[in-house]
Amino acid sequence: MAIVIIRKDDKINSWKEALNLYAPQIPVYGYLEKHPKEDIKMALVWKHPIGSLKDYPNLECIASSGAGVDFLFEDDQLPLHIPITRVVDEFLAKDMSEHVTALIFSQLKNLYHYKVDQFRKIWKPIPYKRIADVTIGIMGLGALGTVLAKDLVRLGFKVQGWSGSAKDIKGVTTFAGSSMQSAFLNSTQFLVCLLPLTNETRGILNAELFEQLRKGAHIINVARGGHLVDNDLLMMLDKDHLSGASLDVYHEEPLPLDHPFWKHPKIHMTPHYASVSDTASVVPQIVENYRRLASGEELLNLVSEDKKY
């Protein structure tokens, strides 16, 4: 009973080393090395090559090494009968919260604006905002969104959240379902997207949604590039309906060099690094699910077949 690590980046060895250090009794292989495919019971994956999971006849669990699983459902050869798990990690959630909070404060105090002025040698103070001046709206109140909401409340922000189903978070005004989306958007000045990417949420950040936000609202997308309609964002920025956007995720990564986001003065970009799974904190839950798999127990952090998250 072994684990195979399948991913297209350069992190296979670091995950393999972390698993070997934590549980040296478990056989672990990278998918590019020679390994006994019939012994593989668990695949630890992140943005795997399409079709690579069908090569394991005795696979019993597909474990995403991050919080997201949308990339799995983009594989038209995904063995759908096999349980899928995802990472739920306090460090992942706290890192995301810190990143988004930093973005909000940078906008409140015009730090990005002044950085541009610095290169242009412009000395021109402009009015700043305070915590009490703005309402933060979070789309998606799962593990990441809930931690962010609580942290922003502790800082004194007015926080509201929208999700597919009703949530109850102390200090947060919550909205649920399509019938309450407009009321949520109409009172939001900073819109943070932390939704899972599904067929229902793909392209949700579009012109129709942006029109419902207050004029001058700022968009923060730290979920998935597929949530955003790029041209709609550019149009609403150029019309001055939106004041700016902070983006960490994109349809194609790395972002092509000819993409207009690179040079747009109202867009702040980071390279999909708002929150990254730390091997040391994630490996214990991978090993726990390996143990549960071996003993026939229910797996932790199972992905819903219907919701796909």
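This is a predicted model: local features need pLDDT of at least 70, side-chain atom pairs count only at pLDDT 80 or more; totals for chains, interfaces and linings use all residues.
Asn110 sits in the loop between α3 and α4, where helices (H or I, at least four residues) and strands (E, at least two) are DSSP runs numbered from the N terminus. The phi angle of Asn110 is near 60°, a positive value in a residue other than glycine. With a relative accessible area of 14%, Asn110 is buried; buried means under 20% relative accessible area, exposed over 50%, and partly exposed in between, with a 1.4 Å probe and protein chains only.

Residues are numbered from 1 along each chain as its sequence is written, and side-chain values use heavy atoms, with hydrogens and water left out.

Lys47 also has a positive phi, near 50°, in a residue other than glycine. Lys47 belongs to the loop between β3 (40-46) and β4, and is partly exposed at a relative accessible area of 32%.

Next, strand β4, residues 61-64, which contains Ser64. Is Ser64 buried or exposed? Its relative accessibility is 1%, so Ser64 counts as buried. Apart from neighbours within four places in sequence, Ser64 is in contact with Leu44, Val45, Trp46, Val69, Phe71, Thr85, Arg86 and Val87, contact meaning heavy atoms within 4.5 Å. Leu44 is 20 residues from Ser64 in sequence, and their C-alpha atoms are 5.9 Å apart. A polar atom of the Ser64 side chain lies 3.1 Å from the backbone oxygen of Gly66.

Gln160 is found in β7, residues 158-163, and is buried with a relative accessible area of 7%. Beyond its neighbours within four places in sequence, the contacts of Gln160 include Thr135, Ile138, Val172, Phe175 and Phe184.

I turn to the nonpolar core. In soluble globular proteins, nonpolar side chains tend to be buried together. A nonpolar core is here a set of buried Ala, Val, Leu, Ile, Met, Phe, Trp, Tyr and Cys residues joined through side-chain atoms within 4.5 Å. The largest such core has 28 residues, and Phe210 and Leu233 have the most contacts inside it. At least two residues each come from α6 (181-186), β9 (190-193), α7 (207-211), β10 (217-221), α8 (230-238) and β11 (242-247). The largest share, four residues, is that of α8. Leaving aside neighbours within four places in sequence, Leu233 touches Phe210, Ile219, Leu228, Leu242, Ala245, Leu247, Phe261 and Ile267.

Which residues lie nearest the centre of the second largest pocket? They are Gln107, Tyr112, His113, Ser243 and Pro265, among 34 lining residues. On a 1 Å grid over the protein atoms alone, a pocket is an open set of points where a 1.4 Å probe fits, with protein on both sides within 12 Å along at least five of seven lines, and lining residues have an atom within 4 Å of a point. Two or more lining residues come from each of α3 (90-108), α4 (111-120), β10, β11 and β12 (267-269). The largest share, eight residues, belongs to α4.

Finally, the loop between β11 and β12 holds Pro254. The peptide bond from Glu253 to Pro254 is cis, with omega near -5°.

How values were computed
A polar contact is a pair of N or O atoms within 3.5 Å; within protein, one must be able to donate a hydrogen and the other to accept it, and residues adjacent in sequence count only if both atoms are side-chain atoms.
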